[in-house]
Amino acid sequence: MHGLTPILSTVAASFLASFVEVVEAFTIVLAVGVTRSWRPALTGAALALALLAALVLAFGPLLALVPITVLQFVVGVLLILFGMRWLRKAILRGVGVIALHDEDAAFSKETAALQQQANDRRADYLAGLAAFKAVLLEGVEVVFIVIAVGAAHAQTFYASLGALAAFILVTIIGLAVHRPLARVPENALKFAVGLMLTSFGIFWTGEGLGADWPGADLALLAIFAVIAVASFAIVRWLRDPKATQGAAR
Amino acid sequence: MKVLRLILRELVGMFIDDGSLATLALLLIVAITAAVKLLALPPLAGGVLLLLGCLVILLYSVRRATRRRSGQ
């Protein structure tokens, strides 16, 4: 599986998913930097990145010991769970059942919390801890995404490039605008990522079961198209007031 | 230990948000795997069933969430 289709889909899935996670982490680090100072913000972020790198170096080589079909199946199942969770949330946000994620609101909440701690003797430590936690938790998701979309077909390098590009792009835009990236169409991105990860999950779980997909790698695009059409149809249906009334009955 | 617990909680939360979505998806995968391995269902048919099953589960899950909200 080293054609252009899998490489592009791997890079795109990794880039878009990582972009969403990095934007969320950036909001908290920015809040710490602006409210307290950049020293705890950058120290916390750097320590979290170092811990993530250590975890990848410690556990990454173990993946090579797992037989490829087992790896495809396990990663596929995890991607189905992860992707469908994103897709479900994106659909529910799209039809207004749950609120859209608001980076400005997240920034204000974090800023308010940090201001409350301003007189605390440990204010710098607590601010650094907030940045550390944000980068660590969002970073864990990025690491999973890179491993999941890359490992099952030895494309971790391309997946890492996608994640690195997202990190660099968010950092550049963030430093330029110096405010939360609230105008990023986060739900649209999450919708696309949910579609991609669920497609990867179904494709690899099928391969793990021994399925010889027609069209080989191109089947991934067909699966993506089917899930996308179905998901947009669900959104349209749920936006129809009659459907909602019917559902409420 | 606190950091490890934090990471573990995040890892679990990555896959399980709505419990019924995760449970149904896992049941579907177990049933299809059993059908392929034990009942000689062709793997490709298993893959197609997996795709269709995931869509049905997604529809059920979002419809349930919408109904719950409408019922409030």
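Predicted model: local features only at pLDDT ≥ 70, side-chain atom pairs only at ≥ 80, totals over all residues.
# Chatting through chains A and B

Reader: Which elements of chain B give two or more residues to the side touching chain A?
Author: Those are α1 (2–15), α2 (19–38) and α3 (43–71) of chain B. The largest share comes from α3(B), with 20 residues.

Reader: And how does that side divide into nonpolar, polar and charged residues?
Author: On the side of chain B that touches chain A, 26 residues are nonpolar, 6 are polar and 8 are charged.

Reader: How many residues does each chain bring to the contact?
Author: Chain A brings 45 residues and chain B brings 40 residues. Together the two chains bury about 3800 Å², and 81% of that is on carbon and sulfur atoms.

Reader: Which residues in chain B lose the most area to chain A?
Author: They are M14(B), F15(B) and L58(B), which together make up 17% of what the chain B side buries.

Reader: Switching to chain A: at what angle do α1 and α5 pack?
Author: Helix α1 (residues 4–35) and helix α5 (residues 123–151) of chain A pack at about 175°, with their axes 9 Å apart. α1(A) and α5(A) are therefore roughly antiparallel to each other.

Reader: Nice. Which residues make that contact?
Author: From α1(A) they include T10(A), A13(A), E24(A) and V32(A). From α5(A) they include A127(A), E138(A), I145(A) and G150(A). By class, the contact of α1(A) with α5(A) has 15 nonpolar, 4 polar and 4 charged residues.

Reader: What about α1(A) and α2, how do their axes cross?
Author: The axes of α1(A) and helix α2 (residues 38–59) of chain A cross at roughly 150° and come within 6 Å. That angle makes α1(A) roughly antiparallel to α2(A). V29(A), L30(A), V32(A), G33(A) and V34(A) of α1(A) meet W38(A), P40(A), A41(A) and A45(A) of α2(A). This contact has 8 nonpolar residues, 1 polar and no charged ones.

Reader: Back to salt bridges: how many turn up over all chains?
Author: A search of the whole structure finds 2 salt bridges. One pairs E24(A) with K190(A), whose closest N and O atoms are 3.2 Å apart.

Reader: Where do E24(A) and K190(A) sit in the chain?
Author: E24(A) is in helix α1 of chain A and K190(A) is in helix α7 (residues 186–209) of chain A. The pair links distant parts of the chain, 166 residues apart.

Technical notes
Residues numbered from 1 in each chain as written. Chains lettered and ligands numbered in written order. Heavy atoms only, no water. Contact = heavy atoms within 4.5 Å. Buried area = accessible area lost by both parts, 1.4 Å probe. Helix = DSSP H or I, 4+ residues; strand = E, 2+ residues; numbered from the N terminus. Nonpolar A, V, L, I, M, F, W, Y, C, P; charged D, E, K, R; others polar. Axes fitted to C-alpha atoms, helices over the stretch in contact; angles between N-to-C directions. Parallel < 35°, antiparallel > 145°, perpendicular 65-115°, else oblique. Salt bridge = Lys/Arg side-chain N within 4 Å of Asp/Glu carboxyl O.
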